[in-house]
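Me: Could you take a close look at one helix of this model for me, and then at how the parts around it are built? I'd like to follow along in the viewer.

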Amino acid sequence: MPQTEFLTSTAAVVDRIIAEIGNELIVAIPLGLGKPLNLVNALYARAKSDTNIRLTFLTALSLEIPRENHPVRKRLLQPVFDRLYAGCDEPHYARDISNKTLPNNVTVREFYFRAGSRLGTATAQRDYISSNYTHAARDAFANGCNVLMQMVAPGPGTGNSQKFSMSCNPDTMSEMMGLLDNTERRYISVAVAHDDLPYMYGDAEVTASRYDILLQPEQPEPKLFPVPRLLPVGDTDHMIGLQASALIPDGGTLQIGIGAMGDAIANSLILRQQDNESYQELLRQTGTTPRFNKVIADAGGTGVFSAGVYGATEMLTEGFLQLLNAGILKRRVYDFWALQQLINSGHCNPEALSPSVLEGMDAIGVRELRGKDFDILQHHGFFNARTQYHNGYITTPAGTRVNANIGDPQTRRVLGAEALGTSLQNGHVLHGGFFVGSSAFYEALRTLDEATRRSIGMCGVDRINQLDLNPRLFKAQRLNARFINTGLKVSV
């Protein structure tokens, strides 16, 4: 569609989708939290009432409100569920899958189920997409996706230039749009504003013009779906977390998964940082350091975090927020490969830039700067705000014009004297693809000061889960990486 259409009625959006695309609707919606439930459910209800519509949902992790059917357990648990999920909703298609009442003209294809949730449900298992999360956008595209729908957080501005944030789910949507934009396939993209979504930055921030339809509903959207943390961390997970925490070096990179083990690792890292004497004693008493001293010395560490760690993770979990608050998640990375390499080698101090960093760039092979390179470096404060780039030349605030070739000694002299910033800016302490968690977690993200939220770069899984987009940069950022997850072992 040529220009973003602003609507306030969910029913009107359903009408526009059908008018634009027809009765064969193949709808991609984000995994987890980012599903615009009122619109999803309205479109599903339309398909249930009109069998001429053939509707397919492509998604993952459809969050359902828990229900208890056992009469005794129900008396105990149902009041708890009613309190926790008051004001929430769920995808109605998911409820019908569970009840085995999904209509014949509707198909739901998911690439991830909550463990055990679809046992005995033949249609869900048959329609399952066996796909790595990294390739979810590719496989949704291959399944013929022609409608994109996503919940977004509203930001400043008006009209097409108003800012919005993909918030909890920039993980696949930008990649999907890119794939569709490069084909002749007719598609429509819809964003639904939700005032309670945390406004996140990085690649999550877009303008209204990125979507064909922007729904700012008159009726309130359901409350953000909480995933409460109900169970304490057990002794086994605490021991795993303690031992794993000694494998994480200061100045490294960290990814931890969801669940008790991730919480245990975060807990041990915080103990290591805030009460190192007790942490060291615990490692001795559990036999960890006596038995694994060489492994820890070679691969990890037990001291406090001076440089801190950088997070690179599919899922931004609550544990990462705790590490941020504890001063552990603080190693910042920057989006220019040579700059990151010089920081890693100690030849660039992010807090105090000096002309020698230009010599360092020349030494590792930086020559002609393109306009895109200049923009990234200026965004990070490497060049001061008044320095300008145009057609291969850089003009300093003093008016000196030099060619944008770092290999030229004259260029380095002029830039070092007149164009450098004082310190680096806009670094990221974490890149993450999506988040879902408790209501307290959402509130904590909403109430972070803007500078801290900007240090969390939400982005696509095509960046998080692989090196392909920029191997030289991502390798430099992910120094001494430790990716720690729970595995599921199945045997006959």
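Reply: Happy to! Helix 17 covers residues 439-447, and its buried residues are Phe-441, Tyr-442 and Leu-445. Looking down the axis of helix 17, you will find these buried residues within an arc of 100 degrees, so they line one face of the helix. Please keep in mind that this is a predicted model. On the face turned away from the buried side, helix 17 carries the exposed residues Ala-440 and Thr-447. As for packing partners, the buried residues of helix 17 pack against helix 12 (318-325) and helix 18 (450-454).

From there, let's turn to the nonpolar cores. The largest one has 77 residues, and those touching the most other members are Leu-33, Leu-148, Leu-254, Leu-316, Leu-323 and Phe-435. Helix 9 (residues 260-274) gives the most to this core, contributing five residues. If you select Leu-254, leaving aside residues up to four places away in sequence, its contacts include Leu-269, Val-309, Tyr-310, Phe-320 and Leu-323. There is also a second, separate core of 31 residues, with Val-14, Ile-53, Val-108 and Val-147 among them.

Strand 14 (residues 393-395) is joined to strand 15 by three bridges, and Tyr-393 has Asn-403 in strand 15 as its bridge partner.

Key: Residues are numbered from 1 along each chain as its sequence is written. This is a predicted model: local features need pLDDT of at least 70, side-chain atom pairs count only at pLDDT 80 or more; totals for chains, interfaces and linings use all residues. Side-chain values use heavy atoms; hydrogens and water are left out. A nonpolar core is a set of buried Ala, Val, Leu, Ile, Met, Phe, Trp, Tyr and Cys residues joined through side-chain atoms within 4.5 Å. Buried means under 20% relative accessible area, exposed over 50%, partly exposed in between (1.4 Å probe, protein chains only). Helices (H or I, at least four residues) and strands (E, at least two) are DSSP runs, numbered from the N terminus. Contact means heavy atoms within 4.5 Å. The arc is that of the directions from the helix axis to the C-beta atoms. Two strands pair if DSSP finds at least two bridges between them.
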